[in-house]
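Subject: Structure handover

Hello,

Here is the structure I promised to pass on. Please open it first, then read my notes below.

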Amino acid sequence: MFALEQAESPEKLRRIAIEPVTRVEGHGKVTILLDEDNKIHQVRLHIVEFRGFEAFIEGRPYWEVPVTVQRLCGICPVSHLLAATKAMDLIAGYGALTPTAEKLRRLLHYGQIVQSHALHFFYLSAPDLLLGFDSEAGKRNIVGIASAFPDLARQGVLTRKFGQEIIRHISGKRIHGTGVIPGGMNKALVLGERDALRGDIDAVIEWSLEAVGMIGRLHETEPEFYGRFGESRANMMGLVNEDGDLDFYHGGLRARDADGAGIFDHADYAAYGSLLQEDIKPWSYMKFPHIRTLGAELGWYRVGPLARIQICDRLTTPLAEAERQKFIAFNGGAPAHGALLFHWARMIEMLHAAELARALLEDPDILGTDLMADKGPRREEAVGVIEAPRGTLFHHYRVGADDLVSYCNLIVSTTNNNQAMNESIRKVATQFLTGHEITEGLLNHIEVAIRAYDPCLSCATHAIGQMPLQVELIDAGGALVSRGRKGF
Amino acid sequence: MNANPNGKPPLKVRLATTSLAGCFGCHMSLLDIDERLFELAGLAEFDRSPFTDIKQCGPCDIALIEGGVCNSENVHVLRELRANAKILVAVGACAINGGVPALRNRLKIGDILDKVYRDDSGEVHIPDDPELPASLDKIYPINEIVRIDYFLPGCPPSGDAIWKYLTDLILGRVPRLDHQLLHYD
Ligand code: SF4
């Protein structure tokens, strides 16, 4: 049982709801229960929609899946396109991708990381960080940023645009393009497209570096406040390559505990089912995964930028690695767990992705036309995993000899962060709300912590997962309810 | 002649946007107007929108709706927008016909929930807290719930298409898309 998850006598308490949570992608709400003295007894982030993508993907032809599952999420459609296609590469029997195909997929992915991180920082979170958590609600948005910090707003818009343009050139459309198909790519990048992107990349790297510097300076102004806001000590998980470098596109799973000690390393992601387990709670449609060997109470973990840059041994690009070293030094060398550090980590990753994109744009292979791998025997089952902008994303399929999908399981990045987000908002409630008259500005503090994770509640409402489950049904008094079937 | 005799800033159109059972892609496409966002800020001010902290809709001129209707909360939000907005625009395939989420319409919602919330031992525990709105039996296109004034197709409509449509509406023109801007994918 987690502190502040369940009030003892909820019926006697006052309820405050933040509904809907704004400046996040998708739908969620927060409920807070407090007593007459404004002491907080319960805080929950609820995912309120259920769409069950996995269920209706079953019975669809496998080649249709990568473009259908993109419609899980309009912010990171490329993540779903890539994770699904990585699984379908294997199912359709393709061997190693051609160098050009892999590089195009990587460039596409890096473009998406740039656009998604820019969207999150400049459009969604900068209003809190630069205008103030309790600044005027009506101005706390990108338009407010544009009038207070016009140059910064412009850089943010153009950085996102650059990422979207990479995606458009490679996949045909900025949102829900195609391009990626089982076995490779269906379109080469032509010279004019490559040169258009090359013309802008240096500026994007420059702006990314400025954004990292800005968020670092913000933390320097009040290290205790920014470092401890919504802090929750969590295990961390992400993909690394054989050398231990962060790899957004492919690798093995690494998990470390809150102090940085290893839990597992270079684990084959196809075995995710033996590494992770999910819980259901009656108050959210989003499940609660944890590391199986550690159990639900100790095994919950964090994914995404803050986990990734702290569990990898290095970032392979020089500017981003230098910034990562500064980040680690600033936090005293040990893993740090404050929610707002996500923003810093995210901007370091944006810089890293932009540097990686530049290297690919300078690589002659990127203009190659050998796009399809050789085909071998088909497989019935495969798992595709990538590091999406928000963290590790799992796609798992079984496909029959009739080409139709017979099983689909998705664990989206945001689901991995479910417990961690709940812990962070409970921490903020304890740090800032309890005992105070609850104002709009104070409630926004809760949302600031949620936003730090950059949750994609859009993904989370669609993809519900069909992992082995452990059930925790707790009644209002905190006791475990008998495990009867809950009817619908 | 002074077009602005009292020195007051010219009136801006009030614009609300919401995402129901959509993927947020139509909202992302709205942001794909890129730098024109600053121009839009001169023509319109945002009301309720995922991009602002205005959580309840007030009277407004134009509301853009992304996504179909999948639960009781979507119905409520859609009606709130209809009651407040002079012009309601269904943006994208999901709002117009349910889109990809409506692939679930061939299945029974109870069966899907049963399958998704079944544990190792075969027991089913469907989240049922009163804080969770009830799922509807199907995904409904928004025009089956409220009257819609305009339909803007695409999955999503491109940023250019949204820009053209929106500026036509704001400037009082009949919205029209040229052939290149009209897409259904
Ligand atoms: S129409 Fe397409 S882009 Fe728009 S919400 Fe639906 S799936 Fe997403």
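**The largest pocket**

Two helices, α6 (150–171) of chain A and α6 (159–170) of chain B, each supply at least two residues of the lining of the largest pocket. Please keep in mind that this is a predicted model.

The largest pocket holds about 420 Å³ of space. Its lining counts 19 residues. Closest to the centre are R168(A), R174(A), S158(B), G159(B) and D160(B).

**The largest cavity**

Rolling a probe the size of a water molecule over the atoms shows where empty space is left. Five cavities of 30 Å³ or more turn up by the rule used here. The largest cavity has about 190 Å³ of space. Its lining has 19 residues. P20(A), H27(A), T18(B), S19(B) and R48(B) are the closest to its centre.

Chain B brings β1 (13–19) and α3 to this lining, each with at least two residues. By class, the lining of the largest cavity splits into nine polar, eight nonpolar and two charged residues.

**Chain B on its own**

Chain B has six helices and seven strands. Along the sequence they come in the order β-α-α-β-β-β-α-β-α-α-β-β-α. The C-alpha trace of chain B spans about 80 × 35 × 30 Å along its principal axes.

**Where chain B meets chain A**

How many residues of each chain are in contact? On chain B there are 59, and they are in contact with 77 residues of chain A.

The size of an interface is often given as the accessible area lost when the parts come together. Between chain B and chain A, about 5,900 Å² is buried. Carbon and sulfur atoms give 59% of that area. In chain B, the residues that lose the most area to chain A are D53(B), K55(B) and E131(B). Together these three make up 11% of what the chain B side buries.

Polar contacts come next. Between the two chains, 28 residue pairs are in polar contact, with both residues at pLDDT 80 or more. On the side of chain B that touches chain A, these elements give two or more residues: α1 (25–31), α2 (36–43), β4 (69–71), α3 (72–84) and α5 (109–116). Which of them gives the most? That is α5(B), with seven residues. By class, this side of chain B has 29 nonpolar, 19 charged and eleven polar residues.

**Salt bridges**

Side chains of opposite charge can pair when their charged atoms come close. Across the interface of chain B and chain A, the rule finds twelve salt bridges. One of the pairs between the chains is K161(A) with E35(B). Their closest N and O atoms are 3.3 Å apart.

Over all chains, the count comes to 56 salt bridges. Among them is a pair within chain A, R308(A) with E387(A). Here the closest N and O atoms are 2.8 Å apart. This pair links distant parts of the chain, 79 residues apart. R308(A) sits in helix α11 (residues 305–311), and E387(A) sits in strand β12 (residues 381–388).

Over to you now.

Best wishes

Methods:
Residues are numbered from 1 along each chain as its sequence is written. Chains are lettered from A and ligands numbered from 1 in the order in which they are written. This is a predicted model: local features need pLDDT of at least 70, side-chain atom pairs count only at pLDDT 80 or more; totals for chains, interfaces and linings use all residues. Side-chain values use heavy atoms; hydrogens and water are left out. Contact means heavy atoms within 4.5 Å. Buried area is the accessible area (1.4 Å probe) that two parts lose on being put together, summed over both. A salt bridge is a side-chain nitrogen of Lys or Arg within 4 Å of a carboxyl oxygen of Asp or Glu. A polar contact is a pair of N or O atoms within 3.5 Å; within protein, one must be able to donate a hydrogen and the other to accept it, and residues adjacent in sequence count only if both atoms are side-chain atoms. Helices (H or I, at least four residues) and strands (E, at least two) are DSSP runs, numbered from the N terminus. Ala, Val, Leu, Ile, Met, Phe, Trp, Tyr, Cys and Pro count as nonpolar, Asp, Glu, Lys and Arg as charged, and the others, Gly among them, as polar. On a 1 Å grid over the protein atoms alone, a cavity is a set of points where a 1.4 Å probe fits but cannot get out, and a pocket is an open set with protein on both sides within 12 Å along at least five of seven lines; lining residues have an atom within 4 Å of a point. Grid points are joined across faces, edges and corners, and a volume is the space filled by probe spheres set on the points.
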